[in-house]
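I opened the model to look up a sheet, a pocket and a few strand pairings. My entries are below the display.

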Amino acid sequence: MVLGRNEARRGLSVCVMTNRFKLKQSVVWRVRVLDTEGKNLDAKALKNVVVQLPDGLKFDAKFGRHPKGKPTDDFWAVSWEIPETYPTGTIAYKVLATDTKGNTSTWEPFKVFPSQLTIVK
């Protein structure tokens, strides 16, 4: 997870890795999905990659070149601006990938505080 681009308007650096976000900040999940041989799976190999929160919110990631302007890497990414009224605390999100044949795989971060998404005021 990294700080999203809208943070530049607030004078903050973007794409800085963190697990702690304030209300109204933008969370960006960057995801790489690999096959059993370690090959990066793109939009031709996967039907979708979804980030899911425990309250049922789901965010569809898109595959593409990053960063904008001078791309150096290809991966799945999705951003979410945390609503001002969203509950604070630690959130155990997960990432679900579905291939073109309907097979699914789920990834979850370690169940320790530094690995979880944490929302503060």
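These are my notes, in the order I looked things up.

**Ground rules.** I worked on a predicted model, where local features need pLDDT of at least 70, side-chain atom pairs count only at pLDDT 80 or more, and totals for chains, interfaces and linings use all residues. Residues are numbered from 1 along each chain as its sequence is written, and side-chain values use heavy atoms, with hydrogens and water left out.

I looked up the strand order. Strands here are DSSP runs of E, at least two residues long, numbered from the N terminus. I found an open sheet of 4 strands in the order E5-E4-E9-E10, with antiparallel pairing. E5 (58-60) and E10 (104-107) stand at the edges; each has a single partner strand, so one side of each lacks a neighbour in the sheet. The twist averages 20° from one strand to the next. For that angle, axes are lines fitted to C-alpha atoms, and angles run from 0 to 180 degrees between N-to-C directions.

**E9 with E10.** I then checked this pair. Two strands pair if DSSP finds at least two bridges between them. E9 (residues 94-99) and E10 run antiparallel and are joined by 4 bridges. Leu 96 has Thr 106 in E10 as its bridge partner.

**Thr 98.** Is Thr 98 buried or exposed? Thr 98 has a relative accessible area of 15%, so it is buried (buried is under 20%, exposed over 50%, partly exposed in between, with a 1.4 Å probe and protein chains only). Thr 98 is found in E9. Beyond its neighbours within four places in sequence, Thr 98 is in contact with Leu 46, Lys 47, Asn 48, Asn 103 and Thr 104. Contact means heavy atoms within 4.5 Å.

**The largest pocket.** I read its volume as about 530 Å³. A pocket is an open set of points on a 1 Å grid over the protein atoms alone, where a 1.4 Å probe fits, with protein on both sides within 12 Å along at least five of seven lines; lining residues have an atom within 4 Å of a point. The volume is the space filled by probe spheres set on the points. Of the 29 lining residues, Arg 30, Val 31, Arg 32, Val 95 and Trp 107 are the closest to the centre. E3 (26-31), E9 and E10 each give two or more residues to the lining. E9 gives the most, with 5 residues.

**E3.** I finished on this strand. Of its 6 residues, 5 are buried. E3 and E7 (residues 73-81) run antiparallel, joined by 6 bridges. Val 31 stands opposite Trp 76 in E7. E1 (residues 2-3) pairs with E3 in the antiparallel sense over 2 bridges. Val 2 stands opposite Val 28 in E3.
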